[in-house]
Each structure stands twice: as C-alpha cells, then as structure tokens.
Amino acid sequence: MPHERRMSLFWTNHTTLSEQRAEHLRVLFEQRLEAAQVRFLPGEAAPALRVSIEQTPSQFVFAASVPSEGGTDVVIEDVARSLVSSDERPSNAIRIEKELLWQQEVTILSAVLPRVSTGAEKKMILLTEDALVIYSEEQGNWKLQTTKTLPGPKQPPRSARGQLLLAEENVERVGILLPGRRCEANLADDSPIVCSGGGSDWPAGRLLSLPACGAQTWWLKSDGTDWTAEDRLFLRSSGAAKESAPVAEWNVPGAVFSIGAGANAASAAVVVRSLSTGNYEVYRIELACTN
C-alpha cells in the first residue's frame, strides 16, 4: 500500500455472483482496510486501489492492484466456487461489452450510430466544437462522407458542450442540442444546419433494452462530474432506486463526455476523453446476456 495509506477504491464484479453479494463483499473489504488505518477518498483524489472479481469454471478469482514506483503491484486470490453458497445471478443477467471505434485529438462533444437497414453501409456521426462530421464504414474502415459547419456563435473551448439526438421516425435528420440552442441537420442533402433558441434539456443517460435478457429496461449512465478524472459507466435497472447497486459497470480510462444513440435498442455510442493520451475516443457499448 502507498505510504500515505489513502486510496480511491474501484470495485468491479465480472462474475455470476449477485450484485448484492458483490456489494456486501466490497463493504466488508472497506471495513477491514479502514480498521487497518486505510482511508478511502472519492474519485481520483488518491491512488487507485482496483479490485475485480472474475470467474473460471471452478473458481472465483479476486485481483487487487495499486500503483507503485515504476509500475503496479498486483495481488491475486482465488476461492473454489463449490465453497460459495448459491446466490448467483440468474441466467438472464446482463453485461456491458465495449468496442473502440474511433479516436482523434480534436474535441468530440457527442457521437451517434444511426440505425441502418440490412446490407446498408453503417454511419457514425460526430459533433465537434464547430461542425457535424459524418463518416461511413467501408471495408471495416471509417471514411469521411460529409462535414456540415455549425452556425455561430462558437462556444468557449473549456466549457463546450453538445448532444446529438436521433429521430426514430426519420433517420436522415439529426437533432443537435447546444447550450441555449437547438439545431437540426438533414443528412440527405447539402443544406446547412439550422438553429433556433431554446432550453437545453440534457439527457441524463441512455435507456437500453435487450429482450433476450428479460423484459426489463436499464439506464446506462456515468458517474462523471470532473472531466479531468477517470469515470465509471454503470447499468442500473430503470425501476431501481438511485442508490441501488448497478447490475453491470465499466471503469472508464478517462472522462465520459456524452452517451448517444446506438444502432439498436441494446447499444449506445459513448464519447470518452482518455487521460493517458488526451485523445477523444468513441466506443460502441452493447448489452449482452451473461449466460
């Protein structure tokens, strides 16, 4: 442990253990370390202690890592699954799968992945500080298709914010939410982006569903309040209380800037600013059934 004995705890459960059991283990873990004079601080105010729970066909594997001079110290312990009482998550438990689609140095405020019909080319739409940029996928690579300039005024770079909105009934039109303005762009032609004044009702997250995993819906949200710190994406049942444990989560290697629409009801496009490179990254997030 670091000499100052102050830590930020990041706890991730990738097993069939119920979220209630995993949360109980986390609380016990914190209590034991606090009894040993370790103080836990929120966010990135202290070195990160990362604990993940994985599983093999016969074992639960606990891995803990802390930064050290010149590297990372890791401790791994395992427990036979036969010794754990059966409160495992049901077969329709959900997990988050992620895929890095794009990265660049220029600021990305929001991204969406429009729904496409079978056989049609996939599209990715990015909102930068001054333009709407449309890419199409060709042979596994993203190629620039169109750029539409945003009408002024331009936002201050340090506080720039925006959100792309897709209309279910018209995939050729994209809504753009900006501070104090709402804009609309037509992807089918070269017409300019049109904006008007209006309040900014920023989405709190993205509501996702995957019928194969059950009839319920889940909110995909982030913890982010500081764009200079690591963030966390979490999935929580839409009917669950705010303080309830998430059913799945991903400790993001940067700050989550926005969560936009994916190509179907079980996916989303997430914009992250990597703390290690400073680049803006676009991830496709997909829900999948655990078993």
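Trainee: Before we start, what does "buried" mean here?
Mentor: Buried means under 20% relative accessible area, while over 50% is exposed and in between is partly exposed. Keep in mind that this is a predicted model.

Trainee: Got it. So is Cys183 buried or exposed?
Mentor: Cys183 has a relative accessible area of 5%, and because the cut-off for buried is under 20%, Cys183 counts as buried.

Trainee: And what is Cys183 joined to?
Mentor: A disulfide joins Cys183 to Cys195, with an S to S distance of 1.9 Å. The link is right-handed, with 105 degrees about the S-S bond.

Trainee: Which parts of the chain does that pair tie together?
Mentor: Cys183 sits in strand 13 (residues 181-186) and Cys195 in strand 14 (residues 194-197), so the pair ties together parts that are 12 residues apart in sequence.

Trainee: How does Cys195 count for accessibility?
Mentor: Cys195 is partly exposed, at 25% relative accessibility.

Trainee: How many disulfides are there?
Mentor: The count comes to 2 disulfides.

Trainee: Where do Cys213 and Cys289 lie?
Mentor: Cys213 is in the loop between strand 15 (206-209) and strand 16 (217-222), and Cys289 is in strand 21 (residues 280-289). The pair links distant parts of the chain, 76 residues apart. Both Cys213 and Cys289 are buried.

Trainee: New topic: how many residues are in the largest nonpolar core?
Mentor: That core has 22 residues. Among those with the most contacts inside it are Ile94, Leu220, Val270 and Ile285.

Trainee: Which strand gives the largest share of it?
Mentor: Strand 21 does, with 4 residues. Other elements giving two or more residues include strand 6 (94-104), strand 17 (231-237) and strand 20 (267-274).

Trainee: What does Ile285 touch?
Mentor: Leaving out residues up to four places away in sequence, Ile285 touches several residues, including Ile96, Leu220, Leu233, Trp250 and Val270.

Trainee: What does the side chain of Asn186 make a polar contact with?
Mentor: With the side chain of Asp189, at 3.4 Å. Beyond its neighbours within four places in sequence, Asn186 is also in contact with Lys148, Glu172, Arg173 and Ser191.

Key
Residues numbered from 1 in each chain as written. Predicted model: local features only at pLDDT ≥ 70, side-chain atom pairs only at ≥ 80, totals over all residues. Heavy atoms only, no water. Disulfide = S-S within 2.5 Å. Buried < 20%, exposed > 50% of the residue type's maximum accessible area, 1.4 Å probe, protein only. Core = buried A, V, L, I, M, F, W, Y, C linked by side-chain atoms within 4.5 Å. Contact = heavy atoms within 4.5 Å. Polar contact = N/O pair within 3.5 Å; in protein donor to acceptor, adjacent residues only side chain to side chain.
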